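Work through these two exercises with the structure in view. Try each task before you read its solution.

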Amino acid sequence: MTRPVISATGLYTPPHSVSNEELVTSFNAWVDRWNNEHRHDIEAGRAEAKLHSSVEFVEKASGIKSRYVVEKSGIVDPKVMRPHIPERPNDQISILAEIAVNAAKEAMAKAGREAKDIDAVICAASNMQRAYPAMAVEVQAALGCEGFAFDMNVACSSATFGIQTGADFVRAGHARSVLMVNPEICSGHLNFTDRDSHFIFGDVATAVLIEAEDFAPKGAWQILGTHLKTQFSNNIRNNFGFLNRGDPEGVGKADKLFVQEGRKVFKEVVPMVSHMIQGEMDRLGLKATDLKRLWLHQANASMNRLIAAKVLGHEASEEESPTVLDTYANTSSAGSIIAFHKHSQDFRAGDKGLICSFGAGYSAGTVFVEKAA
Ligand code: COA
């Protein structure tokens with residue numbers, strides 16, 4: 001059977017960074033306006049005054065210092081509190097496909113690939129900007145690839161699920177080179193007026209090339225094993241969809257954007273993911289000392305510290321479990337791929353590591369890799 005490897009990765013970082021200070025300033029100005037507009041109801045006990053957010057809380061609770069976004073002016077305007085992303089006409093590339101293509105081009109250039117070399121495109125992300133045609137088919141056309149393409153959504157775990165899917169196509173002989181992209185415009189589904197979550201997400205796009213070992217360039221990443229898991233939970237949810245579009249109240253309502261029970265997510269996902277990683281290590285015959293690095297999903301710094309400590313048996317150093325959360329925030333499925341992309345150049349042949357994602361569903365995925373000669 002053909003063995004799948006990861007040949008290269010690509011990263012597109014949007015041009016605008018928003019600091020916690022900027023975000024909290026606009027949030028607090030929005031709160032003041034809201035409280036003023038609703039002062040009679042607040043005074044009469046019919047409404048509760050909204051509370052300010054704080055830079056200290058955001059950094060301490062999450063580890064996030066800033067985030068990149070595709071559009072900044074609307075987010076930091078207390079009168080708007082959402083990104084201005086104008087709709088594009090159908091004869092222009094859509095923004096999600098555009099950022100995916102940017103990341104894809106870097107991965108393809110690194111592996112020396114032309115469009116004709118790619119047999120399949122998978123767009124694996126949390127929030128597709130439309131129902132159809134699939135974003136992946138648009139990316140395929142924009143790059144000029146043949147073969148087939150489709151979208152898949154497993155929220156924050158989309159990339160690891162995409163890697164296993166691509167690896168299975170290679171194993172089965174359905175494709176020799178699979179391009180898997182993760183365009184994540186999280187600012188589109190974030191409620192910037194929700195104190196509990198307004199700081200969580202950022203925008204980005206990543207790309208991963210999964211190829212047959214005998215076709216891949218030298219120094220690729222052997223895929224030692226992949227494992228996927230899902231377990232239903234309402235603790236991270238977004239109810240936006242086509243069946244609630246007719247409800248004039250519904251579209252603007254908070255549950256049509258990202259909502260979560262952050263504490264419960266923290267408590268339930270940490271043990272689920274650490275058990276899953278340990279089970280897969282046992283199956284693959286790997287010990288903690290065999291792993292040079294963990295490229296974990298980037299949602300919360302304390303969560304990653306706990307998972308890494310459980311897996312490694314000691315507090316992980318920044319080298320053992322690098323963070324990109326501080327500058328990128330949570331970028332959903334792309335987080336672990338950004339960490340892998342930015343922190344893997346020092347690997348030598350035989351070094352092993354783990355790409356791991358977790359998030360809504362719940363869902364979790366592990367991809368153990370070894371740098372080839
Ligand atoms: N500014 C200041 N204070 C805030 C605040 C803000 N923006 N948001 C919440 N608080 C307050 C709360 O009101 C609460 O106050 P109280 O103790 O007086 O009631 C306190 O801070 C703690 O709030 P809580 O929501 O319990 O914070 P937390 O420590 O759990 O951190 C998260 C919140 C979201 C950062 C954290 O739970 C998390 O990251 N969880 C995992 C989320 C995750 O991985 N999600 C996956 C998404 S894909």
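A residue is near a molecule if one of its heavy atoms lies within 4 Å of it. Keep in mind that this model is predicted.

**Exercise 1. The ligand shell**

Find how many residues surround the ligand, and which are the closest. Then describe the shell.

Solution. 

1. Count the shell. The ligand is surrounded by 17 residues. Ser53, Arg195, Gln260, Arg263 and Asn300 are the closest.
2. Sort them by type. The shell holds 8 nonpolar, 6 polar and 3 charged residues.
3. Look at polar side-chain atoms. One of Ser53 lies 2.9 Å from a ligand nitrogen atom. One of Gln260 is 2.8 Å from a nitrogen atom of the ligand.
4. Check the cover. On its own, the ligand has 970 Å² of accessible area, and the protein covers 72% of that.
5. Locate the elements. α3 (55-62) and α7 (262-284) each give two or more residues to the shell. The largest share, 4 residues, comes from α7.

**Exercise 2. The setting of Glu213**

Decide whether Glu213 is buried, partly exposed or exposed. Then list what Glu213 touches.

Solution. 

1. Glu213 sits in the loop between β7 (203-212) and β8 (221-230).
2. Apply the cut-offs. Buried means under 20% relative accessible area, and exposed means over 50%. Glu213 has 32% relative accessibility, so Glu213 is partly exposed.
3. List the contacts. Leaving out residues up to four places away in sequence, Glu213 touches Thr2, Arg3, Val5 and Gln222.
4. Pick out the polar contact. The side chains of Glu213 and Gln222 make one at 3.2 Å.

Note on methods
Residues are numbered from 1 along each chain as its sequence is written. This is a predicted model: local features need pLDDT of at least 70, side-chain atom pairs count only at pLDDT 80 or more; totals for chains, interfaces and linings use all residues. Side-chain values use heavy atoms; hydrogens and water are left out. A polar contact is a pair of N or O atoms within 3.5 Å; within protein, one must be able to donate a hydrogen and the other to accept it, and residues adjacent in sequence count only if both atoms are side-chain atoms. Accessible areas come from the Shrake-Rupley method with a 1.4 Å probe; for residues, only the protein chains shown count as cover. Ala, Val, Leu, Ile, Met, Phe, Trp, Tyr, Cys and Pro count as nonpolar, Asp, Glu, Lys and Arg as charged, and the others, Gly among them, as polar. Buried means under 20% relative accessible area, exposed over 50%, partly exposed in between (1.4 Å probe, protein chains only). Contact means heavy atoms within 4.5 Å.
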